[in-house]
Amino acid sequence: MSSSRHCTHCTSTSFTRDDDTGQLYCDSCGVTQPYDQFESNLGGITGPQGTYIHIGTAGSGTLYSYRDRKLLSARTSIKQFTNRLGLASKTIEIDSMISNITDGEFGQGDWFQVLIGACCYVVMRKHERPFSMDEIANAVNCDVYELGRMIIRVVDFLDLRGSDFPEFDIVHMLKRSIDSCNCFEKVDRSLVDRMKKQGIFLLQCAVKLFLSTGRRPLPLVVAVLVLVAEINQVDVRLEVLAKEVHAIVSTCRTRYKELLETLVKVAKVLPWGKDITKKNIVKNVPFVMQYMEKKSMSNPVEKSTSVDRTGLDLGDVVTECLTQEEEYEYGVDGLVLRKDSQYFSSQSNADTEGIRDVEALQISPECLSLMYENFLNDNRSAMSSRSANVQKRRRVEFDFQECSEWWNGESEMSKQLILKQLLAKDIGVETMPPSFINGQLKCKIRREKINAAKKRIKRITHPLQADLDDTVNIGILDSTGPEKRKKRRGMVVDGIDWEDLIIETLILHQVKEEEIEKGHYNTLLGLYVFNSGIV
């Protein structure tokens, strides 16, 4: 069909009309032309009837009800969310769990998104491949506490106990973090595998030392990875890694500080341990890890003073074997010249038993070397470490970059252990949980604040019975004092802060002191102060 109009694409004048739609298309290029058969749909029910087309239904209109649309939207949300977290293989299981919880009704709205995140967490926890709540909360775009409350409701509804809901696998979280974070993408894979084993060992040592007790696991994982990266000379910043794993930066810094402080305590068993502080502990972490590794591999034996004993306590091994050099010993910054020798004192007679200073004895290096050879000949058990010690004696300065074999990875703690097996291991030191120590310290501080508040109240309610020698500052009760300072948010005014004022309020409302010591101020204020008049 030819006409006076031209094709909008090739300017051809030859067109063909489609029988179904009534539109023209060009015979030359096939481009559909603008619609030119518009008819005004006027006249009400007597007007021309249109055609309703809906894919998947028969007849005119749609057969989808509100419930059908809700189910379709819910399953689409589940699929999108699982794909976002990389859990496409668990979509059916998560869908089934949500259907069981909601009796097949599913839902819509923000609460349903939180429910999807909670079910994802529970499913992965059941498979011992848990996600962190912070990561899921970031994906759901909700508060982590809101997600935690929903997880508790899901666990209670499904009655998950014991083996059905295993403990949080912190080792898996470390593996997943080091494999997925961009900080380790450019690192050689062999080094990454080595760091992973070191991280698992150090993390399980931290669990053994109760650094994870009462704490969120993710900041401790970040602290361990940063320390392992530092001793392997991999540039990883704590702030960047914390943001990648959705952990709080300030909490990660606190866990890192606690980890260093604990390693300083462990390092006290080393010959130069008294000189190790938080400033130089990073340089000595390889020795501390080597000590804990050997200690965890040893069988506990009774200590003996006999040199020819067959079983050695590893604390003595570190003290004795690492100091089996003729004139050098390890120090905080390398090998330094020795001033005393327990091997020489073992060869000296009873008259020189109390002498420890080698310089005072005026022994020549040749004579000292000969005495050391005699000691090795008499004690064959120490011959195995002699060849390594000869090489160490030739080096006056120890370089960590040159030492690549300080990590063996032979300990069982380099592999994932269950908590019972982990607690049975001996790593050479026992500590109390920092959370417990801090809690006891805070309770002691609150007890002092309670006593001070009672004295301030007594000064007002019973001024004649108050102790005149009491030096407690009444602070805000006496605003005429010359040392009155300007009140600022977060600052102490005349020795009284916001906590003191809250404690005073709770005492005046007759709250038990044992409850105040626990520090749950918001709960106590809601129960005894703001709702005190409600029956």
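Predicted model: local features only at pLDDT ≥ 70, side-chain atom pairs only at ≥ 80, totals over all residues.
Is Glu517 buried or exposed, and what is its relative accessible area?

Glu517 has a relative accessible area of 19%. The cut-off for buried is under 20%, so Glu517 counts as buried. Its salt-bridge partner is Arg447, and the closest N and O atoms of the two are 2.4 Å apart. Arg447 sits in helix α18, residues 434-461, while Glu517 sits in helix α20, residues 513-517. Arg447, with a relative accessible area of 25%, is partly exposed.

Helix α18 also holds Arg456. Arg456 forms a salt bridge with Glu504, with 2.6 Å between the closest N and O atoms. Glu504 belongs to helix α19, residues 498-508, so the pair ties together parts 48 residues apart in sequence. Both ends are buried: Arg456 has a relative accessible area of 3%, and Glu504 comes to 10%. There is also a network here, in which salt bridges with shared partners join Arg447, Lys454, Glu513 and Glu517.

Why can such pairs form at all? Side chains of opposite charge can pair when their charged atoms come close. In this model the count comes to 22 salt bridges.

One more of them is the pair of Arg215 and Glu258, whose closest N and O atoms are 2.7 Å apart. Arg215 and Glu258 are both buried.

Now the helix pair. Two packed helices are described by the angle between their axes and the distance between the axes. For helix α4, residues 133-140, and helix α5, residues 144-158, the axes come within 9 Å and cross at roughly 105°. That makes α4 roughly perpendicular to α5.

Which residues of α4 and α5 meet? On the α4 side they are Met133, Asp134, Ile136 and Ala137. On the α5 side they are Val144, Leu147, Gly148 and Ile151. Sorted by class, this contact has six nonpolar residues, one polar and one charged.

Definitions and conventions: Residues numbered from 1 in each chain as written. Heavy atoms only, no water. Axes fitted to C-alpha atoms, helices over the stretch in contact; angles between N-to-C directions. Helix = DSSP H or I, 4+ residues; strand = E, 2+ residues; numbered from the N terminus. Parallel < 35°, antiparallel > 145°, perpendicular 65-115°, else oblique. Contact = heavy atoms within 4.5 Å. Nonpolar A, V, L, I, M, F, W, Y, C, P; charged D, E, K, R; others polar. Salt bridge = Lys/Arg side-chain N within 4 Å of Asp/Glu carboxyl O. Buried < 20%, exposed > 50% of the residue type's maximum accessible area, 1.4 Å probe, protein only.
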